[in-house]
Amino acid sequence: MKFGESQKVKFDSESGAYSIVTQRENYDSQITITDAESDLLLVFFGQTNIQIGNVKSNPAKAKKRFKHYPDGKNIDLNLVYPKPEKAELRLYISARAGFKPEAGDVWFLFEKQGVMWIGSMSEAIWRSENQILIYDQSEAEYQDGLQALDEVKITKLKARDQFTRDRRKALRRMEQSNYQCEYDTSHRLFVSHSTKKPYLEAHHLIPMSMQKKVSTSLDTLSNIYCLCPHCHRAIHHAEKPKVKKIIGRLISNRSEVLDLLGNSVEDIYCYYAVEEIVR
Ligand SMILES: [Zn+2]
Ligand SMILES: [Zn+2]
């Protein structure tokens with residue numbers, strides 16, 4: 001499958017693809033190339049430069065040069081159409097050649113500055129590295145800013161928020177949501193001692209860290225969802241099914257967020273690295 005926005009950011013490449021290595025592929029030491037991967041390889045190496053038939057019939061033509069991620073070592077792997085009707089493109093993986101991912105690993109390809117990179121990592125590491133959500137110091141400053149009443153404190157907190165989010169938008173969203181958790185309006189909230197309103201946190205569904213890639217402001221009412229502290233922590237830290245469930249419900253409640261960057265629900269899953277990865 002094609003790189004989503006988070007992979008494009010991580011690998012600094014507009015064209016990449018990834019999938020999971022199956023048991024069979026690992027055992028047979030050959031990967032069947034799927035659509036997005038084959039598009040990438042055929043454009044890069046040129047359709048006519050791909051060997052048709054087995055490797056032995058033309059080893060020089062079968063051999064293709066890749067750069068291994070992340071160490072940058074050059075590796076040569078065989079890439080062929082084993083059958084004359086070109087029904088399937090096949091990549092031979094080999095520990096000796098320097099690339100032999102385990103079954104269940106995510107393997108990936110991406111083009112950067114005229115070089116085709118190849119790499120693999122465990123699915124868990126892949127997901128954690130491709131999560132572009134940030135829950136850091138800056139996040140705390142922002143949430144605290146929503147509770148602050150004093151102008152000096154508000155200005156100070158805003159200056160420390162790396163995304164300089166506008167607290168008035170979040171407050172407006174809370175008002176519009178009747179000070180209820182947008183995941184489940186029955187979630188019980190305590191009253192904030194400073195604002196005297198039910199305590200909520202503001203979450204940007206399209207992560208603010210995407211702002212460096214797009215000119216459309218992500219700090220907008222359509223992208224801000226107010227959540228109770230439990231749901232807010234969950235969307236950042238819960239396991240995959242729970243995160244998907246929260247995202248799904250937030251979008252079905254208010255879907256304008258998708259119009260912001262023309263995203264699909266799958267694109268949103270990608271930001272959180274909870275998408276289903278093809279095998
Ligand atoms: Zn958040
Ligand atoms: Zn909640």
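## Reading the model

Because the model is predicted, local features need pLDDT of at least 70 and side-chain atom pairs count only at pLDDT 80 or more, while totals for chains, interfaces and linings use all residues. Residues are numbered from 1 along each chain as its sequence is written, and chains are lettered from A and ligands numbered from 1 in the order in which they are written.

## The overall picture

The protein has 12 helices and 10 strands; these are DSSP runs, numbered from the N terminus, with helices being H or I of at least four residues and strands E of at least two. Its C-alpha trace spans about 80 × 35 × 30 Å along the principal axes.

The domain assignment gives domain 1 (5-129) and domain 2 (137-271); such bounds come from an automatic or database assignment. Taken over C-alpha atoms, the centres of domain 1 and domain 2 are separated by 38 Å.

Of the 279 residues, 32% count as buried. A residue is buried if 20 or more other C-beta atoms lie within 10 Å of its own, exposed if 12 or fewer, and partly exposed in between, with C-beta atoms placed from the backbone.

## Helix α10

Which residues of α10 are buried? They are Val243, Ile246, Ile247 and Leu250. These residues cover an arc of only 95° around the axis, which puts them on the same side of α10; the arc is that of the directions from the helix axis to the C-beta atoms. An α-helix has 3.6 residues a turn, so residues three or four places apart point the same way.

On the face turned away from the buried side of α10 sit the exposed residues Pro241 and Ser252. The cover over the buried residues of α10 includes β10 (224-227), α9 (229-237) and α12 (265-271).

## Helix α9

Helix α9 has Cys231, His232 and Ile235 buried. They cover an arc of only 105° around the axis, which puts them on the same side of α9. Among the elements covering the buried residues of α9 are β9 (201-204), β10 and α10.

## The nonpolar cores

The largest nonpolar core has 32 residues, of which Leu227, Cys231, Ile246, Tyr271 and Tyr272 touch the most other members. A nonpolar core is a set of buried Ala, Val, Leu, Ile, Met, Phe, Trp, Tyr and Cys residues joined through C-beta atoms within 7 Å. At least two residues of this core come from each of α8 (167-176), β10, α9, α10 and α12.

Apart from this core lies another, of 24 residues, including Tyr18, Leu41, Leu79 and Leu109.

Technical notes: Contact = placed C-beta atoms within 7 Å.
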